[in-house]
Amino acid sequence: MLRTSFLRLLGRTGASKLSLLEDFGPRYYGSGSLSARDDASDARAYFTTPIFYVNAAPHIGHLYSALLADALCRHRRLRSPSTAATRFSTGTDEHGLKIQQAAATAGLAPTELCDRISEQFQQLFQEAGISCTDFIRTTEARHRVAVQQFWGVLKSRGLLYKGLYEGWYCASDECFLPEAKVTWQPGPSGDSLPVSLESGHPVSWTKEENYIFRLSQFREPLQRWLRGNPQAITPEPFHHVVLQWLDEELPDLSVSRRSSHLHWGIPVPGDDSQTIYVWLDALVNYLTVIGYPNAEFKFWWPATSHIIGKDILKFHAIYWPAFLLGAGMSPPQRIYVHSHWTVCGQKMSKSLGNVVDPRTCLNRYTVDGFRYFLLRQGVPNWDCDYYDEKVVKLLNSELADALGGLLNRCTAKRINPSETYPAFCTNCFPSEPGLVGPSVRAQAEDYALVSAVATLPKRVADHYDNFQIYKALEAVSSCVRQTNGFVQRHAPWKLNWDSPVDAPWLSTVLHVALECLRVFGTLLQPVTPSLADKLLSRLGVSVSERSLGKLYFLPRFYGHPCPFEGRRLGPETGVLFPKLDQSRTWVVKAHRT
Ligand code: MSP
C-alpha cells in the first residue's frame, strides 16, 4: 500500500497568471466598487458542464446545468473581456452500460443512438445561446487517447491492482453501491426487486475480476484539500456533505468491467478483456478538452470550475479529485453544485410522462425569457418546481412590465422628444444628500436609489462567486423596481421641457433612470444576452462600452464627465419583451391531470 504522505497535496500547479491586469482599471464609482484585486485574482477561467448521457432526449434540467455554466462564464468574460482568458466546455457522455442497454432497447447500434442524441444536445445548446467554446463527445479518438494515457499514469504510480469485485451495480446511475444503499421494492410482476435507495433505479449483483483503484488511500488528502479550500465546493452545505462522506470509510473503487459484459467503452490499455469504467472515462473529458496529454492542458488546469448537479457530487468531489491527485495533478479549483427541477412536485421521468421539453419552452417563452426564468427561479441549494403559470407570471411582471415599462417610460418620444441621453444637473441632484436650495429636487429615496445601483455590480459579482445567480437577478429586479418608483415619484410626464424651472430636473430624472437602465442592461447580459443587447442598443451604448470595466455608473453625480450625456439614443426597435398570454400555459397543465 502506498503511504498517503507521498500523495500530499501539491500546491496549485497552474502556470503564472495571465497579465490581464490592464483590463482592470478603476471600475465603479460609489462604495460598492469591484476592486482591481477582485477582478484580477483569477485571470484565466475554464468552465465545464457535466457531459450529458445520450440515452434520452435533453430536458429542462440538462438545460439548467448548461445555463448556469453559461451565465457564470459570460459574467467572467464581462469582467475580463479578453477572450483568451475563458474556456467553456460541454458535451455528451456516450459510453457505458446505460447507453449500451438503451441502444439495444431502441434496436439501434450504440453509435447511431449517440449520434442522434448528441446532435439534439448540440442543437438545443445552440438555440439556447450556450456560449461554449468546446463540445466533446467521449466517442472521439482524442478522448480515447487521453483516457488511456491517464489510465497509464495511474497504473505506473501503483494505484491500480487486479482483484475480485463483488457488489451491487446500478446501470442507470452507472455506480457501485454498498449494501446499505440498496433496498427492495415490489417490481412490475409483484416480485421484490433490489433498487438504489437514493435514485430508486434497479440494481444488479456483480461479481467479477476487475481493475481496482486505491481510493482508500485518498481519504486524508481529500480531507486536507477540502479543509484547506473552504470554497472548493459551493454552496457550502455541499462542501459539508462531502466532508461528512469522508468521515466514513472510503473503500477502493472498481474502475473496469469485463468486456464480455460491457463492450461499449474504452478498452483497458494492454488488456482487451476489460473496459474502463464509464465514470473514469467521462471525468477525463475535462482534460481531453484542454489538450491532455499534451502539456498545453496545463495552461487551463487547475483554473477550472465544474458546474454539476447534486446527484453527481460524489463522482466530482471524491473520485475525480482522487484520480487527479493519484495522477500527480491538482484537484479542480471550484465545484459549483445545483439542485434539481421537479415538475408539478414530481421528479421528471419518461415513465411519468412529465418530461418538459426545453425546445418547446424556448419557442414559447423566447430564448431570453426562458433563460431568465430558469436562472431567476433555480435555487442551487434546493429543488425547484416547474410549472408554466410560474413562467408567464414572472416574465410578465419582471421583464415585460417592470424592465420594459421603465425603458419605454424613459425613451418614449412624448417624454423624451429629443431622443437623447439628457443632461444631469448637479444643482438639482447634488452629490451631498440633505443640501437645501432653490434648485435641489432630489429626495432621500433618490439617494438610496443611487447608492443601491452604484453597489449593484459588486453585489451581483459576489452572488456569482457564491453561485447564487438567482440572488444576482433578484438584486437587479429589486433595483428595477426602485427605479420605477423613482420615475413614478417624480412623474416626468407632468414636467414641462419649456419651463426653465422644470427642464433641468426633468432632464436629470431621465438621465438617472437611463443610467440605471444602462447598469441593468450590462448586468443582464450573462442571462438574457439578446434582450440586454436590445436594451443597450436602444440606449445608444456601443458594444465596446458594455463590459463591467466600462460601467462607470452615474459619473456626473460623482463629479466626472459622462460620455453618454447629450448622445442620441439608438433606434426604436419595438417592445423590449412581449407580454405573454396566460393561455400559453397548457404545456405542463396537460401532464398534471
Ligand atoms: N453523464 C453524467 C455526467 C458525467 S460528467 C463527467 C450524467 N449525465 S446526466 O445526463 O444524467 O446529467 C447531466 C446533468 O444534468 C447533471 O448535472 C444532472 O444533475 C443534471 N440534471 C439531470 N436531471 C436534472 C433535473 N431534473 N434538474 C436539474 N438538473 C438535472 O450525470
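User: Leaving aside its neighbours within four places in sequence, which residues is Ser507 in contact with?
Analyst: This is a predicted model, where local features need pLDDT of at least 70 and side-chain atom pairs count only at pLDDT 80 or more, while totals for chains, interfaces and linings use all residues. Residues are numbered from 1 along each chain as its sequence is written, and side-chain values use heavy atoms, with hydrogens and water left out. Contact means heavy atoms within 4.5 Å. On that basis, and skipping those sequence neighbours, Ser507 touches Pro422, Ala423 and Trp497.

User: Is Ser507 buried or exposed?
Analyst: Ser507 sits in helix 16, residues 502-524 (helices are DSSP runs of H or I, at least four residues, and strands are E runs, at least two, numbered from the N terminus). Buried means under 20% relative accessible area, exposed over 50%, partly exposed in between, with a 1.4 Å probe and protein chains only. Ser507 has 8%, so the call is buried.

User: How many bridges pair strand 7 with strand 8?
Analyst: Strands pair if DSSP finds at least two bridges between them. Strand 7 (residues 182-186) and strand 8 (residues 192-196) run in the antiparallel sense. Val182, for one, has Ser196 as its bridge partner in strand 8. The count for the pair is five.

User: Which residue takes a positive phi in the hairpin of strand 7 and strand 8?
Analyst: Look at the link: there are five residues between the strands. The one with a phi near 90° is Gly190.
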